[in-house]
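I opened my notebook to look at how pieces of this chain pack together. Here is what I looked up.

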Amino acid sequence: MSMEASELQDLSDDADYAASQQQGSASMMRSNSGKRSLPSEHDDAELIYLKDNVAIHPTQFASERISGRLKLTKQDSVLFLSWVPYKGQTSNAKLSEKVSISFLDRSLYTITAVPFTEVRSIRRHTPALGWQYVIVVLSSGLAFPPLYFYNGGVREFLAIVKQHLYLARSAEDVNVFLVNDFQSPLQRTLSSLELPSSLPVASGLYPSDGGTSNENQGRASADVGNRVSSVSQYGLRKQKSHDPTRDLSIHLLEKFSLVTKFARDTTTQLFSENNGFGSSDKRWNNQPVHSYPEKLSNIAEEKHHENPHSYPENDPFKDEEISNDVDVPADPLEFNKLSLVWGKPRQSPMGHKEFTAFLDSEGRVVESKALRERVFYGGIEHQLRREVWPFLLGYYTYDSTYAEREYLRSVKRMEYATLKQQWQSISPEQAKRFTKYRERKGLIDKDVVRTDRAFEYYEGDDNLNVNSMRDILLTYSFYNFDLGYCQGMSDYLSPILFVMEDESESFWCFVALMERLGPNFNRDQNGMHTQLFALSKLVELLDIPLHNYFKENDCLNYFFCFRWILIQFKREFEYEKTMQLWEVLWTHYLSEHLHLYVCVAILKRCRSKIMGEQMDFDTLLKFINELSGHIDLDSTIRDAEALCICAGENGAASIPPGTPPSLPLDEVMLYPLEDDVL
C-alpha cells in the first residue's frame, strides 16, 4: 500500500460499520448456503452476498420503485456486482390502476455482472430517518441509479465488499468510499457522481480553476462531455483554449446516474382530458398518432395557400447533406406538413398598451388564459417583461390588484433583507466553523464571475450586477438550505436579474422558478431522470423509427439532451432568444412540459442527418453540442406546438405526474438531506 493510500481513513474507524462486519459475515454464510447462479452468470462463480428488496426508482415517485435482488459474486479473484428485478408487479396497488410496468420494462434496468475493477467509488446514504441507498460510480465517472435498501443493510453491504477488495473512505467526504484507490487518491476524492471540473460546451472548454465542492456531489450538470471509451461510458478531455467572445461560464460538474435503458410503454390515460386545444383540434386527440399522415396532405395544402410563407425557407436542418448512402426511414408524422397544419406563425411581441387591456380598473388580470396565449404566440416587449414575468413565474397571482402587488413587494423586500442578514452576520471566526457556508460561498463566488460576462449587463470588473447575483444566490442557499446552491442556478438567475433590475424582486422571482425547476438539481437526480424518461416516451410516440434508431445505438438514455433540459436551452440560443423561449415555456399554455416537445422538435429536424450518417452516441453528442447557435427559435416553437397538439392525451399520459416543471404532488421532502446535515 502506498504512502498516499495509507493517509486515507479506513472504514474501520466507523464503529457502526465495524459492528456490521459481524452481521456481514453471518449474512455471507447464509448467502453461501443458498448459492445459485443466473443463466447470464458463469456456473463456477461464487455467490458472496445476496440482498432482497433492493430497489431502483425509474421516476421521482417512491411508489414506482422496481424491487429486485442485489448480488455479489466472485470468479477468478474478481468481484462482480449484479442487480436483477423481480418478476412480480409493483407493490403499490393504487399505482397499478394507472401504470403497467411489465417485466420487460423492469428488466431493462438489470445490472449484469459488473466487475469492481470498473468501479471507482461507492457513495452511501444512511439517514437516521428515511431510506438507505448506495450509488456505485464507474471509473468512467458515471453511475448506476441509486440502489435503495428498503430493509436497511448498507453498512453490511460495504463490509462484505471490504472483505474482498481495498475500500477506503475519501478524505473529503466521509460518505464516499474509494475502490482500489492506490494512486493519486487526492485526485479521486470527488464525490460519488462528480466528474472532472473542466467540461466541454458547445464551442469549447475553459480551464478548471481548481478545487471541488462537496456541495454539488451527485447533482446534475449542464454540459455533457465527450465519451471516449465506449457507447455506455463517458470520458472528459480538456481543451487548451476557448473563445473568449462566447459565454463559457457554465462550468458545471456532470453528476447523473447512468440508466442504460429506459422502460417502454409507460403510463397511459393519466389525464382524462386535454384542455389546451380548440374544438377543431380535439378531434385528433383520441386517434392513433400513426394515422395522422393520411389526413394531413389536404389540410396542409389549404394552410399553405392561406399562408404560403408560414414556415421559414432557411430551415437549418432541411438541406443537410448526408455522407452515407443510408435509407432513412420516413417520418411517420410528415413533420413539415404537421407543423404547417397546427403550428401557428409567431406574432409581434405584446406591448404595454395591449397588456393593460387584460387588466381591470384595479389591476387584476381578467383573462389569464388569454394573456398566456398572447405571450405564447408573440412574447413580450422587453420593457414590459418586468411587469409580466412575475405573473408567469407565479410570484404575482393573476387576481392580485395594483395595491396588493405593491404591498407584496414591500413585505418581500423586508423578508429578503432579513434572509440576507443571516449570512452577512457570519463573522470570520464563525465561518471557520461553518463548512457548508464556506463551500457554498466559494462555489457561488467562482460561478458568478463566469456567468454571462460577455453580456453587457455583467461585463467588466467590479460590476455591481455581478455582486447582486452573488448576494441573491447566497441568500437563496440560506432560504432553501436543503437544496442550497448548484452550478447552473446562476444561468437561471442571470436573465431574471437583467429583466427585474431589483435585487429583492429578482430573488423572489428566482424562488418561484426554483419551486418548479429546483428538482433539476436534486442530489438523487430524479428530477432529471423523470424528464429524460418522459422525453424517451414522447419520441417513441411521435417518431418510432427515430426511437428505434436510438435504441439500436444505445442512445435510449437521451443523455445528449441533458444540457437542454437542465438549464432549458440557455446554451443553445443567444441571450434575447433565450428570454423569448423562457417566457413561452412559462406560460404553460399548451403544456407544462413544452420544453420536452422542443427537444423532440429539434431531434426530428435533425433525424435525417442523425440516421443517415449512422451517428453513434459519441458523434451524436458532438453533433447536438454543435447545434448551439444554429437553431431557429420561431420555427422550433412552432414545431413543438404542432407536436404537442398532435400527441394530445397520449403525449400527456407519457409524462408522469409531478415531472418538473410541474409543482410537487404533495408535501414530501423535496430535497433529500445528506447524512452530515447540521
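I checked helix 11 (residues 382–393) against helix 16 (residues 489–500): they pack at an angle of about 125 degrees, with their axes 8 Å apart. The two helices are therefore oblique to each other (angles under 35 degrees count as roughly parallel, over 145 as roughly antiparallel, 65 to 115 as roughly perpendicular and the rest as oblique). Axes are lines fitted to C-alpha atoms, for helices over the stretch in contact, and angles run from 0 to 180 degrees between N-to-C directions. Helices (H or I, at least four residues) and strands (E, at least two) are DSSP runs, numbered from the N terminus.

I noted that this is a predicted model: local features need pLDDT of at least 70, side-chain atom pairs count only at pLDDT 80 or more, and totals for chains, interfaces and linings use all residues. Residues are numbered from 1 along each chain as its sequence is written, and side-chain values use heavy atoms, with hydrogens and water left out.

Nine strands form an open sheet in the order 4-3-2-1-7-6-5-9-8, with antiparallel pairing (two strands pair if DSSP finds at least two bridges between them). Strand 4 (111–115) and strand 8 (167–169) stand at the edges with a single partner strand each, so one side of each has no neighbour in the sheet. The twist averages 30 degrees from one strand to the next.

I then picked one pair. Strand 6 (residues 132–138) and strand 7 (residues 147–149) pair in the antiparallel sense over three bridges. Glutamine 132 stands opposite phenylalanine 149 in strand 7.
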